[in-house]
Amino acid sequence: MALVPWCGAVAVQKTARSALFQGFWLSLVVGLSSGYWVAHAAHEFLQLSWPVSALVLLAFASVLAQPHLVLLGPLMYWGGLALRDGASLTRSLVFCFSTGLLYAGLGWAVPRLFDVDLGYALHDSARLRQLADLGGVPLLTFLLVSVNLLVWRMWASPRGSRATAGAHLLVVVVLLSLGSAYGEYRMQAHEALVRDVDESLRVAVVQGNVANDDRLAWARGDERAAERQLAAYMLPTEEAVNESPTPEVIVWPEVTFPGVFLQPRSTLQQGRATKFDRQVLRLNRPIVFGAYDLETPETGPVLFNALFAITPRYGRPGAQGSVQRYRKHRLLPFAETIPGLSGTPWFRQYLPSIGFFGRGAGPAVLTIETPNRRKYRLGAVICSESLSSQHVIETAKLGADALLNVGSDGWFGHWGEPQFHLAVAKIRSVETRRPQVRAANTGISALILASGEIAARSEVGTETVLMVDVPLTAADESLLMRWGNWFGPTALVLGFLLLFLLVRPSQRPNGGEA
């Protein structure tokens, strides 16, 4: 019900300009409350002072967090003009649904830095989050906003108009009941698939919990910090493979191998790479890990944030395994690239902490073969790519048996962003109907089922090995997988159409205006 007071504030505005201001302050408040961890990232990753980091957060919340809400204010004001002198139940309902559609449609259409939308608030609603496989987060957002508007209209109904208030309440009950019924149906269907599954993949997710200072230090050439990071992952990996039952595949998070993989630049780096190669041979099972990748075209070297998979050549002791790689395709603005400025030398010199990475070719799957000679296709997702529903859908469409999402959330602190990122991952699994293994350096690592349920998880800021059995059910194709992100653009068009029908002057039977 958090939007109800704001709806009342917009309703009493005298001009569209003042309604625009109401949209701005809501955008600012939502940005500050949902993205406060941006300041921590600016301080830790960009190495900015706390006062400057606070200004970065303010700029983010003012411009980049929820800019579509600024537009929603005047649109809602114009629609509300048709209700000020009294309105029929039909016009009131049209107002509620048109505004809900516009909120969802504008959220889809207007660019923003992070996909922080209201729909993610339903990530812990086991039934209602299942609607995401129909229309993604925009559909969940539409449901939330429409219910808020219906409750507000019920509260704002003139005294004595119990029938109108009751009708709005009835629509709320119907919407939530239909959503819950669909969710129950989808949950039962998924549970039946899991009960009947006869194949699972045992994965050891290593969470090394390496401190940010160490990660920055080895990136700047500190060889001792690089050794500490590699040891933080090699030692627990050795312990994990000795457990019973043994894991069939090892997963390390984003950029856990310190340096450019396969291209050592010094004797010390060569020695570290040799040490790693020997461990991989001893494991005799696939390992998937994050590392840097490098290309050197004529225009100059290009660094990539990449995910590597090494599969042993079983039956050939001592032979190097086959290597696959995925290069991150969707780069995080202002962290991995600066839009329009990444190729500017002086800018790179001014902000050395930013990666200025190259962009990979696009979605991909990594095919691994386990010691029992079974092959699995893992959909590769690196960190912020999980914010893009379309990117994850295109990855799943390549035939992924499961999603593999590696990240490094430690730059954002221990509270706020790690929990939000986990919520995003839950919705991505529902949208694609794929189980998901999530590996994060400082947590939260998790196994997420295709229903969005968290079957196992780690805690933030701990060093641990999360051992999970991934149920490999038959692909349960969703409407979103077949149609893509259809609800956002549909909501935008339909919302404007309903708004037009609401605000246009009604006509008397003789043709005069009412």
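Helices (H or I, at least four residues) and strands (E, at least two) are DSSP runs, numbered from the N terminus. The model is predicted: local features need pLDDT of at least 70 and side-chain atom pairs count only at pLDDT 80 or more, while totals for chains, interfaces and linings use all residues. Residues are numbered from 1 along each chain as its sequence is written, and side-chain values use heavy atoms, with hydrogens and water left out.

In a regular strand, side chains alternate between the two faces of the sheet. From β8, Ala-402, Leu-404 and Val-406 point one way, and Leu-403, Asn-405 and Gly-407 point the other way; all of these residues are buried.

## Parallel pairing and crossovers

Two strands are taken to pair if DSSP finds at least two bridges between them. Strand β7 (residues 375-382) runs parallel to β8 and is joined to it by five bridges, with Val-381 opposite Asn-405 of β8.

Asn-405 has Arg-438 as its bridge partner in β9. The chain crosses from β8 through α14 to β9, and this β-α-β crossover is right-handed.

## The six-stranded sheet

An open sheet of six strands has the order β5-β4-β3-β2-β1-β12, with mixed pairing. Its edge strands, β5 (322-327) and β12 (464-471), each pair on one side only. Strands β1 and β12 run antiparallel and are joined by eight bridges; Ala-204 stands opposite Met-467 in β12.

## Cavities

A search of the whole structure finds four cavities of 30 Å³ or more. On a 1 Å grid over the protein atoms alone, a cavity is a set of points where a 1.4 Å probe fits but cannot get out, and lining residues have an atom within 4 Å of a point. Grid points are joined across faces, edges and corners, and a volume is the space filled by probe spheres set on the points.

The largest cavity has a volume of about 80 Å³. Among its lining residues are Trp-37, Phe-114, Cys-383, Glu-417 and His-421. Helix α14 (residues 417-432) gives the most to this lining, with three residues. By class, the lining has seven nonpolar (Ala, Val, Leu, Ile, Met, Phe, Trp, Tyr, Cys and Pro), one charged (Asp, Glu, Lys and Arg) and two polar residues (the others, Gly among them).

The second largest cavity holds about 50 Å³ of space, and its lining has nine nonpolar, no polar and no charged residues. Strand β8 supplies the largest share of this lining, three residues. Ala-402, Leu-403 and Leu-404 are among the lining residues, as are Leu-201 and Val-203.

Note on methods:
1 Å grid on protein atoms, 1.4 Å probe; cavity = no way out; pocket = protein on both sides within 12 Å on 5 of 7 lines; lining within 4 Å. Buried < 20%, exposed > 50% of the residue type's maximum accessible area, 1.4 Å probe, protein only. Right-handed = clockwise from strand over helix to strand, strands pointing away.
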